[in-house]
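Let us take a walk through a protein structure together, one part at a time. Keep the picture beside you as you read, and look up each place when it is named.

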Amino acid sequence: MTAESTTSAATAETIRHELLGFLAERIKTTVEPEQDLFSSGLVSSMFAMQLVVHLEEAYDIAIVGPDLKLDSFRTVESMTALVLRLKDADDPAGDA
Amino acid sequence: MADKPTIVKCLVWDLDNTVWNGTLSEDPSVELLPGIREAVIELDARGVLQSVASKNDFDLAWGHLEKLGLAEYFVHPQISWGPKSDAVTTIAERLNFALSTIAFIDDLPTERAEVNYHLPEVRCYAFDQATSLTGLPEFSPEVVTVDARRRREMYQAGFRRDAEKDNFKGADEDFLRSLDLVMAIKRADEDDLSRVEELTLRTSQMNATGVHYSDATLRELLADPGHEVLTVTLTDKFGPHGAVGVLLLGCHRDVWNLKLLATSCRVVTFGAGSVLLNWLIDQAAQAGAHLVADFKPTDRNRMMDIAYRFAGFTGDPCDCVGGLDPLADDRVQRLHLVPERRDGATTMQVSSPELAADLALRVNGVA
Ligand SMILES: [Zn+2]
């Protein structure tokens with residue numbers, strides 16, 4: 001499907017870019033990729049839940065069980081790494 | 001025993017020839033049909049929210065409702081020329097209600113058929129049923145609490161909060177702090193339990209366990225030294241939210257079992273569930289007890305799953321689980337946490353009993 005080929009083309013760069021844009025729009029503040037979103041009070045635990053749902057919908061992944069840790073959502077970098085790892089697991093090598 | 005029908009949480013009214021005696025655009029002096037005012041007021045008193053889906057000019061129809069003294073009873077009115085199924089969908093979304101809790105009343109069979117075709121879960125009624133709705137079981141909550149009678153006012157305060165949030169330019173937590181939220185956690189008494197019953201019936205979305213505890217069961221547990229039944233109320237600068245949460249805790253010396261945690265969807269956006277969990281974890285840490293939360297995943301309680309995980313609960317095994325009451329349902333998971341002391345909430349004031357200290361006294365006996 002077209003949507004799948006679009007999302008599987010996601011790289012660290014595109015995910016980071018998209019997330020920074022999403023955060024800028026939703027919390028009306030520009031953040032740095034390494035910035036701790038929780039300790040700076042920029043996002044509440046409620047917004048962190050919305051981030052889970054956003055990542056799942058935007059990248060067609062399921063974030064469940066041990067992956068659902070607050071630390072995975074602490075920075076744009078950690079969320080990017082999580083998305084890449086789950087997309088890899090979801091998309092075994094050789095699957096064209 | 002026959003299943004009780006799902007209580008209607010919001011009734012959506014057509015206006016022309018349902019609420020008033022004619023077509024407003026043809027006759028600007030239409031008057032309320034007999035018994036309508038009484039029905040609207042009675043449903044409001046029972047805590048059934050009411051809205052409007054009417055094909056009319058908004059200003060004209062809303063102005064007429066104001067003139068008739070009924071406008072204040074309706075939330076999220078949808079007055080436009082669009083399909084009524086769209087209007088009903090919008091109302092359900094704005095209220096965050098399941099379609100199965102919405103009812104629609106209209107004099108035109110075609111309009112009822114249109115809503116029924118697109119939204120089969122919505123219950124439709126003909127206009128000649130308007131004055132007898134209050135006699136139907138689905139419009140008759142078993143208990144009508146203080147909160148139920150004030151529900152519409154609480155929702156209307158909620159809309160003002162939302163409007164303020166839309167206009168708020170700043171960090172998420174700063175907005176929450178600007179609301180002056182105060183959460184009060186208290187041991188339930190007999191009066192509180194009627195509110196709790198209503199909450200667990202109404203807020204399946206945030207009933208984390210997915211297990212229903214009846215009023216009778218909870219009443220029995222009130223007197224049980226091995227259990228704590230706690231209710232949660234929330235207030236902010238716009239007014240009270242009323243009873244918004246309930247916890248049922250089975251307390252053993254080394255492990256606390258969170259058997260029920262329900263929070264109203266009205267307060268989800270304030271992070272009330274996370275604040276509650278944070279408080280509970282801190283209490284358990286003081287008591288030196290592990291925490292085990294019963295959780296049955298449904299398609300409506302994902303947020304609670306995330307709240308547990310973000311609070312640090314995991315599916316890892318622990319010996320403490322072996323000593324707990326067996327689960328009635330094998331779909332219920334047991335999430336585990338070894339608690340450590342937590343800082344208090346940064347977004348709201350919390351008042352609460354000292355569970356850990358009280359429990360120590362109870363277990364070790366009074367000196
Ligand atoms: Zn344990």
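Reading from the N terminus, the elements of chain A follow the order α-α-α-α. In other words, chain A has four helices and zero strands. Chain A has 96 residues, and 41% of them count as buried. Now look at contacts in chain A between residues at least 6 apart in sequence: 58% of these join residues at least 24 apart.

The average pLDDT of chain A is 81, and 79% of the residues score at least 70. Among the elements of chain A, helix α4 (residues 76-90) has the highest mean pLDDT, 91, while helix α1 (residues 2-8) has the lowest, 45. Over residues 1-7 of chain A the pLDDT is below 50, and beyond near neighbours in sequence this stretch has three contacts in the model. Where pLDDT is low, the predicted coordinates should not be read in detail.

Now move over to chain B and find its own helix α4, residues 109-118. Which residues of this helix are buried? They are B:Glu111, B:Arg112, B:Glu114 and B:Val115. These residues sit on the same side of α4(B), because they cover an arc of only 160 degrees around the axis. The face turned away from the buried side of α4(B) carries the exposed residues B:Pro109, B:Thr110 and B:Tyr117. What do the buried residues of α4(B) pack against? Their partners in chain B are α3 (84-95), β4 (102-106) and β5 (123-126).

Leaving out residues up to four places away in sequence, B:Ser85 touches B:Glu114, B:Val115, B:His118 and B:Leu119. B:Ser85 and B:Asn116 are 31 residues apart along the chain, yet their C-alpha atoms are separated by 8.0 Å.

Next, look at the loop between β4 and α4 of chain B, where you will find B:Asp107. Although B:Asp107 is buried, it has no salt bridge; B:Lys84, the nearest side chain of opposite charge, is 6.3 Å away. Not counting residues up to four places away in sequence, B:Asp107 touches B:Asp14, B:Asp16, B:Asn17, B:Thr18, B:Arg112 and B:Phe127.

Further along chain B comes helix α11, residues 302-310. Eight of its nine residues are buried, so α11(B) is largely enclosed by the rest of the structure. The buried residues run from B:Met303, B:Met304 and B:Asp305 through B:Ile306, B:Ala307 and B:Tyr308 to B:Arg309 and B:Phe310. After α11(B) comes B:Gly312, whose phi is positive, near 110 degrees.

Let us finish with the cysteines. A disulfide is a covalent bond between the sulfur atoms of two cysteines. How many disulfides does a search of the whole structure find? Over all chains, the search finds zero.

Notes. Residues numbered from 1 in each chain as written. Chains lettered and ligands numbered in written order. Predicted model: local features only at pLDDT ≥ 70, side-chain atom pairs only at ≥ 80, totals over all residues. Heavy atoms only, no water. Disulfide = S-S within 2.5 Å. Buried < 20%, exposed > 50% of the residue type's maximum accessible area, 1.4 Å probe, protein only. Helix = DSSP H or I, 4+ residues; strand = E, 2+ residues; numbered from the N terminus. Arc of directions from axis to C-beta. Contact = heavy atoms within 4.5 Å. pLDDT = per-residue confidence, 0-100. Lys, Arg positive; Asp, Glu negative; His and termini not counted. Salt bridge = Lys/Arg side-chain N within 4 Å of Asp/Glu carboxyl O.
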